[in-house]
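Here is a short note for anyone opening this structure for the first time. Please keep the sequence and the 3D view at hand while reading.

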Amino acid sequence: MDSNWLAWWLVVVLSTLFTILGLVLRIRGWKNE
Amino acid sequence: MNDMNVLFNQFQPLPVSGVAYGLWATLGVGVMLLVCIMLGFFSRKQSKSFESFLSGHNDIGPVVTGLALGATWLSGWATLGMMGVTYQFGWSGMWFAGMWTIVGVMPCLFFTGEKMQMYAQKFGARTVSDALGIRFDSKVVQSLSALVMIFFMILYAVGQFKAGATIWYSVTGLQPIWCLLLSGVIVFIYMIVGGYTGTQWSLALQGGLLGIACFILGLVALHYVGGPSALNLKLAAENPVLLDLVRRDLPTVGNAQLFSSPVGIVSTLFIFLTMATGFPHNVARFLGMRKLNKKDYMLITLMVFLVAGPPIFLNAITGLCSRAVFGPHLLNINPWKADLAAPYIAMVAGGKPLTTLYVVGVFAAALSTLSSMVMVMAGNVTRDIIHIWRPQMSHDILLKLTKVFIGIFLLIPFYWTFKNPPALLAVFMGFASIGLGGIFIYCTAVSFYWKRATSTGAILCMVYGVVSTLGGSLFVTRGKIGMGTLEFIVLGGCGILYFAGSMLTKPLPEEKLKKLFGGKNV
């Protein structure tokens with residue numbers, strides 16, 4: 001795969017993981033409130 | 001000369017605009033306006049008081065709020081300007097063309113959503129400045145933040161008018177003046193139907209529309225050029241530097257720094273990270289929201305991701321496809337230039353159906369951002385400047401004044417765009433984003449969590465943010481410093497003054513802090 005497409009996919013995948021991780025942490029924090 | 005002919009012959013001729021495209025686009029935008037106007041009339045009955053006009057009834061659910069946040073976050077920059085950036089600079093433009101969209105908007109949702117909802121429900125905050133006034137117990141912070149927001153949002157609003165006008169040019173081929181007037185008329189028709197609740201519902205509809213339009217356009221454009229490998233081959237045939245992720249051939253000062261050096265490229269991450277939370281019209285979405293439970297939270301996150309994620313990742317690709325198809329021709333078309341990249345590729349790759357969908361998507365994005373900004377600006381003047389210093393003024397007069405200011409804040413950017421339209425939309429709007437993001441990431445987001453923050457720190461941060469962005473933008477446009485360097489000067493300086501100013505002055509009394517932060521030690 002070309003390096004520019006690889007970089008594009010990397011940002012897409014990491015952004016998705018960032019969203020999931022943020023949501024999981026936010027929801028887990030709910031129990032303590 | 002022969003080489004030039006070969007170069008230009010490898011590209012397709014520009015699409016022919018005309019009556020048929022114009023009619024289709026008018027029909028599409030007309031239907032969207034009609035639905036929005038119906039939503040506005042429906043909500044008008046509900047928002048008769050000054051307070052409910054500004055921020056509704058704290059009863060809006062996660063799906064509508066999530067889609068509306070997506071719509072206000074994404075503007076003419078997202079649906080038109082981003083494609084212009086990758087069209088002009090190639091793959092290196094990707095970083096400034098929205099690739100950090102999710103990194104920006106998710107923290108806005110995670111860190112400010114619930115806090116704003118709490119300030120609205122518990123303390124009656126109706127605007128973002130109102131919430132800041134309550135947080136710092138300071139009328140000066142409330143009014144100053146309102147002024148700062150108005151200043152930067154007028155700049156940002158200019159971009160929305162240009163986006164609307166560019167789209168009319170691409171489908172009708174009319175003179176710039178007519179395109180701008182058409183764009184202005186649509187905005188004014190839309191804004192005459194007021195009311196935050198109606199706006200919130202219209203925003204949600206627009207969020208869905210712009211997401212679908214950009215997503216489909218990206219896929220169709222990529223298919224049209226023959227897929228990922230064919231796209232790169234075509235770009236390389238014109239000029240191999242278009243494939244570079246960092247354009248070392250460009251200057252490392254001015255706005256080109258965002259594409260030419262590691263400092264500039266890293267700065268794009270910070271610009272997006274801070275501006276989503278720094279945009280008051282984004283944060284204001286949570287003022288009318290009801291209290292969320294866990295399931296609601298998952299829903300709102302999903303909605304924001306669907307609108308602000310995949311469609312925007314594809315925007316960078318759409319601009320590259322346009323470059324592969326048309327070559328550098330569009331750069332010679334004044335005053336629209338690279339911003340024509342997306343509408344033209346929509347016309348050749350998808351014909352009238354896709355173009356109509358895309359035109360509706362751009363108007364959905366531009367109108368949603370503009371209307372939410374204008375509402376924030378008008379509310380800032382009446383609620384955060386007039387009302388707090390003249391509390392005896394009747395709410396009826398304040399409501400009427402808000403509507404007058406809606407008109408004024410539409411006319412100012414309209415006149416600006418008319419007199420002096422910005423060259424490349426994304427860069428122009430980038431300056432406003434640097435200012436808003438650099439200031440309000442601290443004054444809003446950090447202050448909601450850091451008890452020690454004081455009004456002095458916030459005021460110093462705001463004053464420095466405005467002065468450094470204004471002064472710095474002059475240095476950037478004259479090629480003395482890079483735009484990425486300016487981002488760090490604004491963000492770093494605002495942070496130093498905010499934290500130092502806060503640490504050197506007395507925080508709010510413990511009792512007041514307990515009310516704002518609860519029993520937790522944050």
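This is a predicted model: local features need pLDDT of at least 70, side-chain atom pairs count only at pLDDT 80 or more; totals for chains, interfaces and linings use all residues.

1. Start with a term. A residue is buried if 20 or more other C-beta atoms lie within 10 Å of its own, and exposed if 12 or fewer do.

2. Helix 11 of chain B, residues 228-238, shows the term at work. Its buried residues are B:L231, B:N232, B:K234 and B:L235. Seen down the helix axis, these residues fall within an arc of 165°, so they line one face of helix 11 of chain B.

3. Now the two chains. Chain A has one helix and zero strands. Of its 33 residues, 18% count as buried. Chain B has 22 helices and zero strands. The radius of gyration of chain B is 22 Å, close to the 24 Å that the globule rule gives for 522 residues, so chain B is as compact as a globular protein of that length. Its C-alpha trace spans about 80 × 50 × 45 Å along the principal axes. In chain B, 61% of the 522 residues count as buried.

4. How do the chains meet? The contact takes 16 residues from chain A and 18 residues from chain B. On the chain A side, nine of the residues are nonpolar, five are polar and two are charged.

5. Sequence separation is worth a look. Take the contacts in chain B with a separation of 6 or more: residues 24 or more positions apart account for 83% of them.

6. Which residues touch the most other members of the largest nonpolar core? They are B:C321, B:F363, B:V374, B:M377 and B:C461, in a core of 186 residues. Helix 17 of chain B, residues 341-389, gives the most to this core, with 25 residues.

7. Follow B:C461 next. Leaving aside neighbours within four places in sequence, B:C461 is in contact with B:I439, B:Y442, B:C443, B:C494, B:L497 and B:Y498. The buried residues of helix 21 of chain B include B:C494, B:L497 and B:Y498. B:M483, B:G484 and B:S502 are also among the buried residues of that helix.

8. Helix 20 of chain B, residues 455-477, has 23 residues and reaches 33 Å from its first C-alpha to its last, close to the 33 Å expected at 1.5 Å a residue. B:G479 follows helix 20 of chain B and has a positive phi, near 75°. Helix 21 of chain B, residues 483-503, has 21 residues and reaches 30 Å, close to the 30 Å expected.

9. B:G437 is a glycine to inspect. B:G437 is found in helix 19 of chain B, residues 425-449. Is B:G437 buried or exposed? B:G437 counts as buried because it has 28 C-beta neighbours inside 10 Å. B:G437 and B:G278 are 159 residues apart in sequence, but 4.2 Å apart in space, C-alpha to C-alpha. Beyond neighbours within four places in sequence, B:G437 is in contact with B:I271, B:T274, B:M275 and B:G278.

10. B:G164 is another. B:G164 lies in helix 8 of chain B, residues 139-172. With 28 other C-beta atoms within 10 Å, B:G164 is buried. Not counting residues up to four places away in sequence, B:G164 touches B:S183, B:I186, B:V187, B:F363 and B:A366. B:G164 and B:V187 are 23 residues apart in sequence and 9.1 Å apart in space, C-alpha to C-alpha. Among these contacts, B:F363 is one of the residues that touch the most other members of the largest nonpolar core.

Methods
Residues are numbered from 1 along each chain as its sequence is written. Chains are lettered from A and ligands numbered from 1 in the order in which they are written. Two residues are in contact if their C-beta atoms, placed from the backbone, lie within 7 Å. Ala, Val, Leu, Ile, Met, Phe, Trp, Tyr, Cys and Pro count as nonpolar, Asp, Glu, Lys and Arg as charged, and the others, Gly among them, as polar. Helices (H or I, at least four residues) and strands (E, at least two) are DSSP runs, numbered from the N terminus. The arc is that of the directions from the helix axis to the C-beta atoms. The expected span of a helix is 1.5 Å times one less than its number of residues. A nonpolar core is a set of buried Ala, Val, Leu, Ile, Met, Phe, Trp, Tyr and Cys residues joined through C-beta atoms within 7 Å. The radius of gyration is taken over C-alpha atoms; the globule rule is 2.2 Å times the number of residues to the power 0.38.
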